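Take a look at the fold below.

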Amino acid sequence: MSKKFGKRGSEVNPNNRFSKYAYERTHEEGLDLPPDEDAGRTEYVDVFPKTVVNKVTSPDVGMDFSLNPYQGCEHGCVYCYARNSHEYWGYSAGTDFERKVLVKKNAADLLRKKLDSPRWIPKAIALSGNTDCYQPIERKLQITRSLLEVFREYRHPVGMITKNALVLRDLDILKDLASDGLVKVNLSITTLDEDLRRHMEPRTATIKQRLNALEKLVEAGVPTGVMMA
């Protein structure tokens, strides 16, 4: 499936450094080159991983395990450190990262399998750590919500990082988890300048929406922090 959108965070689509061959459009006016009709669309690609819980070994990241229901991110933040990870899937770190989003529809089943393992020692799992678990397509697919339902079922600790006010949709589950001290939400708020936000983070929730989400989460008793940089 695909969807039409406007502005992208990246204005270029560089070659994948791991690819042996590359396709380049050197003359936009060239009659021998087909138009890039998909440049404004976002494509969602179903993938079927065998596991979804990742051990985090980086010493400068404050989490032990992460889970990313999506790879690639429509938010298109120009500074995103996750862009380079898209190359390992055969795409570019530029506009491919924003318009070719890999979707793990079996994520909840894989999480349940992980938590059922007798070798699993419960430790907080962070959603997402790499790309936003509440990016726009989550409104339709609800993969993140299905993961939260598993965490609630198992009474398992979970952390969340997002810059999308869609997190409020799942306030019912978050409140339940918070009642046992099993959840913490971190909202990324990089600026209070809305014009700057539109340039740096073109498809994220507005600053006003994020501040409202922060207020609603705190009022509901959900431990919530702010990530600033």
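The paragraphs below go from the sheet to the helices.

This is a predicted model: local features need pLDDT of at least 70, side-chain atom pairs count only at pLDDT 80 or more, and totals for chains, interfaces and linings use all residues. Residues are numbered from 1 along each chain as its sequence is written, and side-chain values use heavy atoms, with hydrogens and water left out.

Start with the sheet. It is open and has 6 strands, in the order β3-β4-β7-β8-β9-β10. Its pairing is mixed. Strands here are DSSP runs of E with at least two residues; helices are runs of H or I with at least four residues; both are numbered from the N terminus. Two strands pair if DSSP finds at least two bridges between them. The edge strands are β3 (53-55) and β10, each pairing on one side only. On average, neighbouring strands of this sheet are turned by 25° against each other, direction ignored.

Now walk across it. β3 and β4 (residues 65-67) run antiparallel, joined by 3 bridges. Val53 stands opposite Leu67 in β4. Further along, β8 (residues 158-162) and β9 (residues 183-188) pair in the parallel sense over 5 bridges. There, Val158 faces Val183 in β9. β9 also pairs with β10 (residues 224-227), again in the parallel sense, over 4 bridges. Thr224 in β10 is the bridge partner of Val185.

β8, helix α5 (residues 171-178) and β9 make a right-handed β-α-β unit. Right-handed means that, with the strands pointing away from the viewer, the path from the first strand over the helix to the second runs clockwise.

α4 lies across β4, β7 (125-127) and β8, at about 160° to β7. Helix α7 (residues 207-219) touches β9 and β10, and its direction makes about 160° with that of β9. Contact means heavy atoms within 4.5 Å. Angles run from 0 to 180 degrees between N-to-C directions, with axes fitted to C-alpha atoms, for helices over the stretch in contact.

Which helix packs with α4 (residues 143-154)? Helix α2 (residues 107-116) does, at an angle of about 25°, with the axes 8 Å apart. That makes α2 roughly parallel to α4, a term for angles under 35 degrees. The residues in contact include Leu111 and Leu115 of α2 and Leu147, Val150 and Phe151 of α4. By class, this contact has 9 nonpolar, 1 polar and 3 charged residues. Ala, Val, Leu, Ile, Met, Phe, Trp, Tyr, Cys and Pro count as nonpolar, Asp, Glu, Lys and Arg as charged, and the others, Gly among them, as polar.

Terms used. Angles under 35 degrees count as roughly parallel, over 145 as roughly antiparallel, 65 to 115 as roughly perpendicular and the rest as oblique.
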